[in-house]
Amino acid sequence: MSGNIRSVSVVFLGLVCLVLRARVGRVSAASICANGHAGCHVLSLADLFDRVIQHSARMHGISSDLHSEFEQYFLPSKNHIGRVNRICHTSTIFTPNGKENAQRLAREELTEVILKLLVAWKDPLRHFHQSLAHHDDFNDFSSNKALEMSDMVHELRKGVEKVAEKMQHLGIIGNSVNGLESPEALVPSSASAEWRLMNDYDLLYCFRRDSNKVQNYLKILKCRIVPEHGC
């Protein structure tokens, strides 16, 4: 009889452990959101800013590494490095130069600039990763970096949208930050291999520049809105 009781107790304790583990799993797997929707882990505005700033720093670091590798493998003669006639496809997006000019923009405007830049790089980075597949001299590790950059732009855009949603919910900015469109980078289908190579190099140069701008603008925006958190 006592043996049966012990067996039942063991089974009961096992079921309790499974239930607790399932609950913990659901909590840890809960998605992160800006506001208190069901099933979301709510972060403060300062925490949301910290996450996107850290993400943007990693993205810029990868772009700088890949830009250096591209120079090393494809442009050893340095003949094309330092060209002054680069025209980035994002040049039509107004981006303030310097901290003071960025601080003069309204919060909504600076948020829109960040999102426009991220939207503008979605397709070009995907095409860039596909282009690297045709360069046999470029190793798989570098090709993976290109794919990672493309994914990071998508994730960063979603993160910044959550920051904007949180600011709208708190009444810090209006609801005008939506429906954004950005210019596309077009590559002629009949372009030569050398032209495509230089286009890829220019694209990397432009993305490294824009990713640095995004990172700096996010820091400026955070310090304007939550200056008491690490500013």
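Analyst: **The cavities and their surroundings**

Sorted by class, the residues that line the largest cavity are three nonpolar, one polar and two charged. Here Ala, Val, Leu, Ile, Met, Phe, Trp, Tyr, Cys and Pro count as nonpolar, Asp, Glu, Lys and Arg as charged, and the others, Gly among them, as polar. The model is predicted, and local features need pLDDT of at least 70, side-chain atom pairs count only at pLDDT 80 or more, and totals for chains, interfaces and linings use all residues. Residues are numbered from 1 along each chain as its sequence is written, and side-chain values use heavy atoms, with hydrogens and water left out.

The search uses a 1 Å grid over the protein atoms alone: a cavity is a set of points where a 1.4 Å probe fits but cannot get out, while a pocket is an open set with protein on both sides within 12 Å along at least five of seven lines. A lining residue has an atom within 4 Å of a point. Grid points are joined across faces, edges and corners, and a volume is the space filled by probe spheres set on the points.

Two cavities of 30 Å³ or more are present. The largest cavity holds about 40 Å³ of space, and its lining is made of Leu118, Val119, Lys122, Val153, His154 and Arg157. Helix H4 (107–120) and H6 each give two or more residues to this lining. H6 contributes the most, with three residues. Helices (H or I, at least four residues) and strands (E, at least two) are DSSP runs, numbered from the N terminus.

The second largest cavity has about 30 Å³ of space. Around the second largest cavity are Met59, Leu117, Leu118, Trp121, Phe207, Asp210, Ser211 and Val214. Two or more of these residues come from each of H4 and H7, and H7 gives the most, four residues. The lining of the second largest cavity divides into six nonpolar residues, one polar and one charged.

Lys213 is buried but has no salt bridge, and Asp210, the nearest side chain of opposite charge, is 4.5 Å away. Buried means under 20% relative accessible area, exposed over 50%, and partly exposed in between (1.4 Å probe, protein chains only). Lys and Arg count as positive and Asp and Glu as negative, with His and the chain ends not counted. A salt bridge needs a side-chain nitrogen of Lys or Arg within 4 Å of a carboxyl oxygen of Asp or Glu. Apart from its neighbours within four places in sequence, Lys213 is in contact (heavy atoms within 4.5 Å) with Thr95, Asn97 and Leu117. Leu117 is also among the residues that line the second largest cavity.

Further along helix H7 (residues 193–225) is Ile220. Ile220 counts as buried because its relative accessibility is 9%. With neighbours within four places in sequence left aside, Ile220 is in contact with Lys99, Ala102, Gln103 and Leu110.

As for the chain as a whole, it has seven helices and two strands, and 39% of its 231 residues count as buried.
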